[in-house]
Structure formats: C-alpha cells, structure tokens
Amino acid sequence: MLTLNAIRTQKEEIITRLAKRGKDRSDIINEVISIDEAKRSIQTQLENNLAKANTLAKEIGDLFKSGDKELAETKRNESTELKEETKSLEAKLAELEGQLTQKLYEIPNAPSHAVKTGITPEENETVFEWGTEPILPENPKPHWELTEKYDIIDFELGNKITGAGFPVYKGKGARLQRALINFFLDEAIKAGYYEIQPPILVNEASGFGTGQLPDKEGQMYHDKTDNLYLIPTAEVPITNIYRDVILKEEELPIKNVGYTPCFRREAGSYGVHVRGLNRLHQFDKVEIVQIAKPEQSYAILEEMVNHVKGLMEKLGLKYRILRLCGGDMGFASALTYDFEAWSGAQQRWLEVSSTSNFETFQANRLKCRYKTKEGKNELVHTLNGSALALPRIVACLLENYQTTEGIKLPECLHPYLGFKSI
RNA sequence: GGAGAAAUGGCAGAGCGGUUGAAUGCGGCAGUCUUGAAAACUGUUUUAGUGUAAGCUAACGGGGGUUCGAAUCCCUCUUUCUCCGCCA
C-alpha cells in the first residue's frame with residue numbers, strides 16, 4: 001500500500017500518478033487525509049490521558065508506601081474516572097485506524113512517470129521487438145494438436161485426475177519441462193541470482209504482504225482446514241522472506257531466483273484463447289525477485305528486463321516488450337514490462353513474462369526496510385519478473401519449431417534435454 | 001495424534017505486581033592508549049507514533065482480561081523444544 005507519509009507530503013503528485021490508471025482517485029485520497037487528521041487528534045488526546053494516568057499510578061504507589069491511605073484512595077478514584085474516558089478514546093482510535101487501513105488497501109500503487117495513461121491493453125506501448133516470423137510447414141498445427149500427435153502433453157488425462165487446466169506432461173514433454181526449468185535457473189544463477197526453494201503453501205500474513213489479500217482472495221486456492229493458500233507465483237513466498245526485516249545497506253540489492261509450480265483459479269476465464277497451454281490452473285515458473293535501494297530500483301528493472309531478453313533470444317523466439325499503460329498494470333505495480341512471445345501457429349502474441357517495479361508498495365505492507373549509513377530505516381523497493389513462465393514458452397517452442405520431420409528444439413536446450421527433437 | 005516445558009533487546013540470559021525500556025555477559029559503534037593492531041579502560045548501542053523542539057505515548061510471541069499500576073497474575077491463540085506414537 002502507499003505510505004501515509006507519501007499521501008500527506010506529495011498529495012498532488014500521487015493523485016496525478018494514480019490518474020494514469022484511467023480513474024480519478026482524488027476523493028479517496030482526500031478521505032484518507034481527513035481520517036488521518038481525525039485519528040491524530042484523537043491519538044493526542046488519548047496519549048495525554050495515558051500520561052496523566054501514568055503519573056497518577058506512580059503517585060498512588062508512593063502514597064501507599066508512605067502510608068497516606070486517604071489521599072491514595074482519592075487519587076485512585078480519580079484514576080478510575082480517567083480510565084472511562086481513556087476507554088472511549090481507545091475505541092474511537094481503533095475505529096479510525098480500521099477505516100484508514102481499509103481505505104489504504106483500496107488504493108492501488110501510483111504508476112511511475114514513465115507510464116502512459118490508459119485503461120485497456122490496446123493502450124500499452126510496444127517498446128521493443130526482436131526476431132522474425134518462423135518459417136512453418138504448410139498448415140502448421142497449434143500446440144494442442146502437436147502435443148497430441150507426439151503424445152507429450154495429455155490434457156484429457158489431467159481432466160480425469162484433477163480437472164481442466166491441469167495437464168499431464170509425459171515422456172519428452174516432461175523432460176522438456178525439466179530442461180526449461182533447469183535452463184532458466186542456471187541462466188539466473190549465472191546472472192548472479194541466489195536460488196531459493198520456497199514453500200508453495202503460504203499463510204494469510206504472506207498473502208497480505210505481497211498484496212494478494214484481501215483483494216484477490218478468489219484467485220488463489222485456499223486450504224480452509226489450515227488456512228493456507230497455494231501460491232499463484234513464487235513472488236509471494238520469496239518476497240515474504242523479507243517481511244518484518246531490517247536489512248543492512250550493503251546487503252542490497254538482494255537477487256533471488258526460485259522455481260515453483262504456480263496455482264491460479266482463473267475464475268471467469270473461458271473461450272478459445274484459453275485452449276491448450278494458453279491458460280492453466282497449475283503451471284511452472286522461474287521467478288526472479290530483487291530487493292533494492294530506492295535510487296537503484298529503476299536501473300535494476302532494466303537489468304531484469306535485459307535478463308529476460310537474453311532468455312528469449314537464446315530460445316530464438318520472436319518477441320516484443322510492452323510497457324503497460326496505467327489501467328492494465330497490476331494493483332501493486334508502479335511500472336510493468338510484459339514480454340509476449342509470438343505463437344506461429346495461433347498467429348498471436350502470448351504473454352510469457354511480466355517484470356515489475358513495486359517501489360515501496362509491497363515493502364510498506366511487508367515492513368521491509370534497510371538501515372542507511374546515517375542509521376535511518378527506510379523502505380526498500382521490491383521488484384520481480386517471470387524468467388520465465390513455462391506453458392506459453394512450451395506452446396511457442398512446439399509451434400514455431402515444428403517441421404514435417406518433427407519439432408527441432410533450440411540448441412541452448414540440448415544439453416538439458418538429452419535429445420534434440422521431438 | 002498423546003504428555004510435558006518454554007517464548008524477554010542483534011545474541012545469550014536475569015527479572016515474576018510499583019524509577020524495569022528492561023540487570024549482567026557477548027557482539028556492534030565511538031573514544032583513550034598505541035607507529036599500527038590486539039588487550040585494557042571509558043562512553044554508547046531497539047522500534048514505532050506524535051510534536052518545530054523539549055517531551056509525551058506504545059511495544060518483553062499475538063490478542064483479550066484483572067488492577068490506581070503488569071514483562072510480572074488470569075484467559076485464549078500461535079510458535080518452539082523434549083518424550084511417546086505415526087511417517088517420506
């Protein structure tokens with residue numbers, strides 16, 4: 001969430017930046033400010049009361065010791081009265097605090113200055129393109145036909161075991177998954193990332209920390225017995241490592257990478273565009289996460305984008321990079337680049353990575369700070385990106401590398417695969 | 001799953017109803033000494049809110065209660081440890 005301090009001191013700027021999401025939020029910002037003012041005034045009264053009560057308590061203690069029972073009794077009554085008042089102030093304060101956090105939770109992150117105002121995906125800006133249209137045989141097959149033809153991914157079997165959106169990878173299909181995961185992890189490690197294998201079930205506090213809760217409750221699978229959530233992305237457990245942590249300045253930036261399965265309920269998605277691997281309930285993803293000092297975070301975002309570019313180019317997949325417009329960005333993001341790979345047989349772009357700077361939005365919820373050289377604690381910036389999400393990469397690899405003699409997979413994967421083609 | 005014990009500052013570890021935001025030790029930081037370092041000595045060393053500031057307030061796992069007053073008593077939740085059972 002946005003910091004109260006930012007809302008108080010840079011109100012106009014925040015309103016301007018929020019407007020990039022295509023909706024005016026000045027009302028809610030003003031509400032926050034007025035609730036905060038009311039809250040602070042109550043708080044001052046309450047603290048004065050408590051100070052009085054503390055003094056009285058000390059006096060009473062002394063009076064009892066010196067044996068002046070009568071005066072002690074008088075003061076005791078005085079203190080009891082004071083307590084009534086304190087209770088009602090506490091109740092008011094709690095209520096205002098509740099309102100305040102409620103409002104703060106409703107406000108999305110303020111988009112960075114580089115972000116274009118807009119609402120729909122059509123308004124995203126293409127900032128980079130690479131690669132050429134793959135040369136395919138006559139009547140190229142979409143991946144869901146190829147997976148069936150070569151018997152490498154079985155959607156029907158997944159239906160039987162679990163349900164739609166949970167495919168079974170078989171034989172070379174399973175090995176391709178494993179190869180991609182290892183390839184992505186190794187590339188990240190070469191780039192200086194530290195590998196983490198986190199839990200894939202997280203508690204409520206972690207869901208709040210990265211912003212999935214309270215809003216996107218319905219997007220996650222929830223185990224009610226133990227009140228745990230299946231992660232929609234490794235971002236959740238990996239970023240939550242730093243919840244309630246004060247880092248040393250020299251530790252930053254922290255670069256972590258982790259492979260996890262990801263689970264998304266995808267409530268409300270349907271239609272041809274979700275066929276095959278295009279949209280799944282369970283999929284594999286390698287995620288890169290960085291924790292940075294504010295002044296370095298945008299340079300780091302570029303570095304992360306370059307890392308993903310390198311992966312796409314080694315895989316030889318035609319792709320483009322979009323800078324999302326305000327309205328298409330996630331709730332917590334200040335700036336997001338989406339990578340889309342070209343799917344030769346479907347003749348459409350598929351999103352394969354989303355790389356974002358959250359600035360202090362997550363850090364504020366996480367209470368993740370670092371101690372500056374001057375000894376002050378300041379919120380860090382958090383960033384993350386998919387590097388990469390597997391299913392659509394697999395779809396594009398299968399489609400774009402299909403030939404009449406089989407699917408000839410790119411060279412960078414050969415050492416990981418143990419074979420060259422399917 | 002059953003039985004028991006515990007949770008205090010960066011760490012270790014006192015305190016068990018009234019100058020205890022918290023003894024003591026270690027660690028960290030600054031200084032004295034030294035050519036430099038070590039040792040020794042001296043000082044300092046949590047976070048958040050509020051206020052121009054002095055200050056005030058809150059926090060001893062979380063939440064609630066008793067009391068004029070709680071780290072200290074009571075309830076509850078969570079976590080950790082030990083023993084037993086089960087088990088990849």
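Helix α10 covers residues 297–315, and its 19 residues reach 27 Å from first C-alpha to last, close to the 27 Å expected at 1.5 Å a residue (the expected span being 1.5 Å times one less than the number of residues). Helices here are DSSP runs of H or I with at least four residues, strands are E runs of at least two, and both are numbered from the N terminus. The buried residues of α10 include Ile300, Leu301, Met304 and Val305, and also His307 and Lys309; buried means under 20% relative accessible area, exposed over 50%, and partly exposed in between, with a 1.4 Å probe and protein chains only. Just after the helix, Gly316 takes a positive phi of about 65°.

This is a predicted model, in which local features need pLDDT of at least 70 and side-chain atom pairs 80 or more, while totals for chains, interfaces and linings use all residues. Side-chain values use heavy atoms, without hydrogens or water, residues are numbered from 1 along each chain as its sequence is written, and chains are lettered from A and ligands numbered from 1 in the order in which they are written.

A base nitrogen, for its part, is 3.0 Å from a polar backbone atom of Ala57.

Then there are the aromatic rings. Rings of Phe, Tyr and Trp (its six-membered ring) pair if their centres lie within 6.5 Å; planes under 30 degrees apart count as stacked, over 60 as edge-to-face and the rest as tilted. The count comes to 9 aromatic pairs. One of them is the tilted pair of Tyr105 and Phe208, at 5.9 Å centre to centre and 40° between the planes. That pair links helix α4 to helix α8, with the two residues 103 apart. Phe208 is partly exposed, at 27% relative accessible area. Ring pairs also link Phe128, Trp130, Tyr319 and Phe339 into a cluster.

Note on methods. Polar contact = N/O pair within 3.5 Å; in protein donor to acceptor, adjacent residues only side chain to side chain.
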